[in-house]
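Here is a friendly walk through a structure, one topic at a time. Have the sequence and the coordinates open as you read.

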Amino acid sequence: MLIRKKPDLTYADLTPKAVYLDRRKFLKDAGLLGTAAVAGRSLWRLASPASNAFAASKLTVASKSPFSTTEKQNTYDDVSHYNNYYEFGVDKTEPAKNAGTLITAPWTVSIEGEVNKPRKITIDEILKLAPLEERIYRHRCVEAWSIVVPWIGYSFSELVKTVEPTPKAKYVAFESFYDRKVMPLAPYAGIEFPYVEGLRLDEAMNPLTLLCVGMYGETLPNQDGAPMRITVPWKYGFKSAKSLVKIRFTKDQPPTTWSRMAPNEYGFYANVNPRVDHPRWSQAKERRLGEFFKRDTLMFNGYGDQVAGLYNGLDLKKYY
Amino acid sequence: MRAFLISKWSKAAVVLIGLVPIASLVWRAFHNGLTANPIEFITHATGDWTLRFVVITLCITPLRRLVQLPDLIRFRRTLGLFAFFYGCLHFTTYIWLDKFFDLHAVWIDVYKRPYITVGFTAFVLMIPLAVTSTAGWIRRMGGKNWRLLHRAIYFIAIFGVIHYYWLVKSAVIRPLTYGAIVAVLLLWRVADKYWPRSGATKTAPVSSQPQKAQA
């Protein structure tokens, strides 16, 4: 009755998509060009960091989520080539070109602050902490565009349980990876790095708050926040910090990047709210990528049933 | 050099170069090159080129003097009209693809959003300059009045930079770069007026003999 357990695969071992997509081409090339040429090209590819960095790997999803919308999803191409990731350039198309320099394996996230069990957790441990779900969420940017994305991950609360926040913990701060050497455009972005976002602890514990490790059945592309990000679908996109390296539980509201940079424009809460305009533009409507006409923006981005209760008695015009 | 500058080919070359940005947009439209948000891309591209052509137009007068090529004046109108052309495309994109001719929403924007107020003002100021850009209008208005009216381009440039500066979220380097260039171009004019270099040949901003009207 001895069944030998297979050695566990790690994040780094997952087959890069570029490689499995390339197998067929590889065979074809081999016939046409001869093995020598292909071998040379493959060596070149191994040596070139870009192909490694842009590779996505398949993830096994245990279940679909009842939180998923049935709205039409945006294409993978849209979601991976229209990004705000200011560390890699401020134009929407720049992160897809530049994020290849980010090395996502190995990857460790430090969980610290007001917790009984602070820990450093690797991306491989994170992938195994809870069953992965697919969650098709609306994602509404503060710039008045939106997308529908099939994210992969599990509720952030699963991770929180393992570190046991102390009674003093009232907020969670999320800090993104920052290294000027791999992010040479960052100094031109006009915001301070590392990027920090935050939530109230009860917001973070809401089951909608997703610890996100993938999209479209695969690991995240770098420009979408590989290897791990937070996804908070009822808030403007800038709250959903990418490529996390630190999660800190705090007594006080953490200073967050955009609200420090322009407090009158970007609040700590940043709940999607069609009735509270950005000082410079209206938030009443949005352009869903791929659609010609604008659509009305929904209160809490349509997640009011799950989250409106978090804000009972809070003046959402004051706490935007 | 001068022979080329005064030949009809040089004007044709300027027109062709001025059409490159719109040709590039059309090419991108057919080659999946307008990103996932084409309307935003077109809005930004046409806005960028409006400001660039305003700046290029403002370069003509200093350049004529600094590199001693007074014949560059032949291209100023064409370049200015290209600024207006891209400005029209920019405005049309906004009013059509962003607002869908909802004039009430446009009015609220113009009234309530300072970056649109100032951008809209710059666009409106360009209209009389484009209309009066012909040799006939220079004659009708007289050189002095015409020159006075066309100084509006200084404000158009300043408003254009402010429009850009006020709309970016945080990356102010690009609008500030345009701002610095416009500042240099305008300060050069101030310096030239109050401290003219001795011995420099003064070239009239508009040639007293109206050129043959060729746009």
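Two residues are taken to be in contact if their C-beta atoms, placed from the backbone, lie within 7 Å. With that in hand, let us begin with the model itself, which is a predicted one.

## Confidence and overall make-up

For chain A the mean pLDDT is 89, and 84% of the residues reach 70 or more. A stretch to treat with care is residues 23-53 of chain A, where pLDDT stays under 50. For this stretch the model has 14 contacts beyond four places in sequence.

Chain A holds 10 helices and 13 strands. Of its 320 residues, 41% are buried. Looking at contacts in chain A with a separation of 6 or more, 72% are between residues 24 or more positions apart.

## A five-stranded sheet in chain A

Five strands of chain A form an open sheet with mixed pairing, in the order β3-β2-β11-β6-β7. At its edges stand β3 (119-122) and β7 (196-200) of chain A; each has a single partner strand, so one side of each is left without a neighbour in the sheet. On average, and with direction ignored, neighbouring strands of this sheet are turned by 20 degrees against each other.

How do β6 and β7 of chain A pair, parallel or antiparallel? Strand β6(A), residues 171-176, and β7(A) run in the antiparallel sense and share five bridges. Along this pairing, Phe174(A) stands opposite Glu197(A) of β7(A), while Tyr171(A) has Arg200(A) in β7(A) as its bridge partner. Although β7(A) is an edge strand, β7(A) is mostly covered, with four of its five residues buried.

## The nonpolar cores

The largest nonpolar core has 72 residues. Those that touch the most other members are Val172(A), Phe174(A), Leu211(A), Cys212(A), Met228(A) and Ile230(A). Elements giving two or more residues to this core include β2 (108-113), α6 (123-129), α7 (156-163), β8 (210-215) and β11 (244-250) of chain A. The most is given by β5(A), with seven residues.

Leaving out residues up to four places away in sequence, Met228(A) touches Val109(A), Ile123(A), Ile126(A), Leu211(A), Cys212(A), Val213(A) and Leu244(A). Apart from this core lies another, of 30 residues, and among them are Ile42(B), Trp49(B), Phe53(B) and Val54(B).

Phe53(B) sits in helix α3 of chain B, residues 38-66. Is Phe53(B) buried or exposed? A residue is buried if 20 or more other C-beta atoms lie within 10 Å of its own; Phe53(B) has 22, so Phe53(B) is buried. Not counting residues up to four places away in sequence, Phe53(B) touches Leu79(B), Phe82(B), Ala83(B) and Tyr86(B). Val15(B) is 38 residues from Phe53(B) along the chain, and their C-alpha atoms are separated by 12 Å.

Met1(B) lies in the segment before α1 (2-5) of chain B. Met1(B) is exposed, with 9 other C-beta atoms within 10 Å.

## Where the chains meet

How many residues of chain B are in contact with chain A? There are 13, and they meet 17 residues of chain A. The side of chain B that touches chain A is made up of nine nonpolar residues, three polar and one charged.

Notes
Residues numbered from 1 in each chain as written. Chains lettered and ligands numbered in written order. Predicted model: local features only at pLDDT ≥ 70, side-chain atom pairs only at ≥ 80, totals over all residues. Nonpolar A, V, L, I, M, F, W, Y, C, P; charged D, E, K, R; others polar. pLDDT = per-residue confidence, 0-100. Pairing = 2+ DSSP bridges. Axes fitted to C-alpha atoms, helices over the stretch in contact; angles between N-to-C directions. Buried ≥ 20, exposed ≤ 12 C-beta atoms within 10 Å, placed from the backbone. Core = buried A, V, L, I, M, F, W, Y, C linked by C-beta atoms within 7 Å.
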